[in-house]
Amino acid sequence: MQELPTWFEVGTLIALVGLLLADLLVVGRRPHVPSTKESALWVSFYVALAIVFGVVMLLIPGGGTEPASEFFAGWITEYSLSVDNLFVFVIIMSRFAVPAEDQQKVLMVGILIALVLRGIFILLGAAVIEQFSWVFYIFGAFLIYTAVKLVLDRDEDEEYEDNVLIRRMRKVLPLSEHYDGAKVRTVVDGKKLFTPMVIVFFAIGSTDLLFALDSIPAIFGLTEDPFIVFTANLFALMGLRQLYFLLGGLLDRLVYLSIGLAVVLGGIGVKLVLEALHTNELPFLNGGEPFPWAPEVPIWVSLVFIVAVLAITTVASLLRSRQLERRGEKA
């Protein structure tokens, strides 16, 4: 694994965290429902920023084709999985009846919570992989299982259920019946109460963490560099808030998204298992020796595979949605 310069890694993290905090400050001071044009400009900005970052990684000393390719493959995978997150975000916002003008702040705070939790998850994952290479067997099997489950469950209606943490908070916290803007605390009849917004914040953050159970093993299948894993997640989540408002009702048009994501996750799962076999150290498999027939899949093959699958999925989804609209059916 190539070593990127320390100054580049530290400078990148400081700049990106600063950008996120500035974004949160703007949202906090000016809560509003962004227009399609505003959302499109911000999404374009973050996508362009990610592309520039990948190119810089390609050109700097210590960088090169391999880390740049790993970043692009990881970022595209995380971004596509983030689109799937948006379906759940839409359901959560609807279920908790979050005022439209406060949804930006809800998404931003939830994303920040998820980033902190994912950062911890990434560090733990990197430490485990460094000590136990056989964990790729587990990651690979889990991704293949997730891929199969996505295909089998694709026809079921999307439905959000409170997780254990949310149900516990409902029982313990003194909650008001109404929102008070984006505040998490309010005063009702002289009593200090939490608003439903605190539940919404945790619902968004904890739900995104659950999605990380799929996405973190997937990206570790593309790179073992914790810095690339974290920056790929960071760039994918940074544009998620604006993407939520940009796509809106268009999410229903991506009818084959679950199939596309299943193919991507399944492909990465197979890659992980092959890599685990190629570097096998388990004593009860082949006497603890590597399997010489198991190939190492180059990162450029993974990148081409991911882009091709997502492109075909998007085109096929839009064509199918148009066909259903002509028939007067629901996508």
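User: Helices are DSSP runs of H or I with at least four residues, strands are runs of E with at least two, and both are numbered from the N terminus. How many helices and strands does the protein have?

Analyst: This is a predicted model, in which local features need pLDDT of at least 70 and side-chain atom pairs count only at pLDDT 80 or more, while totals for chains, interfaces and linings use all residues. Residues are numbered from 1 along each chain as its sequence is written, and side-chain values use heavy atoms, without hydrogens and water. From the N terminus on, the elements run α-α-α-α-α-α-β-β-α-α-α-α-α, and the count is 11 helices and 2 strands.

User: Is α10 roughly parallel or antiparallel to α11?

Analyst: The axes, lines fitted to C-alpha atoms over the stretch in contact, of α10 (residues 257-278) and α11 (residues 299-327) come within 8 Å and cross at roughly 165°. Because angles over 145 degrees count as roughly antiparallel, α10 is, relative to α11, roughly antiparallel.

User: How many nonpolar residues does the contact of α10 with α11 have?

Analyst: Contact means heavy atoms within 4.5 Å, and L257, G260, V263, V264, G267, I268 and K271 in α10 meet S302, F305, I306, V309, L310, T313 and S317 in α11. With Gly counted as polar and Lys as charged, the contact has 5 polar residues, 1 charged residue and, as nonpolar residues, 8.

User: What percentage of the residues of the protein count as buried?

Analyst: Buried means under 20% relative accessible area with a 1.4 Å probe. Of the 331 residues of the protein, the buried share is 48%.

Notes
Axes fitted to C-alpha atoms, helices over the stretch in contact; angles between N-to-C directions. Parallel < 35°, antiparallel > 145°, perpendicular 65-115°, else oblique. Buried < 20%, exposed > 50% of the residue type's maximum accessible area, 1.4 Å probe, protein only.
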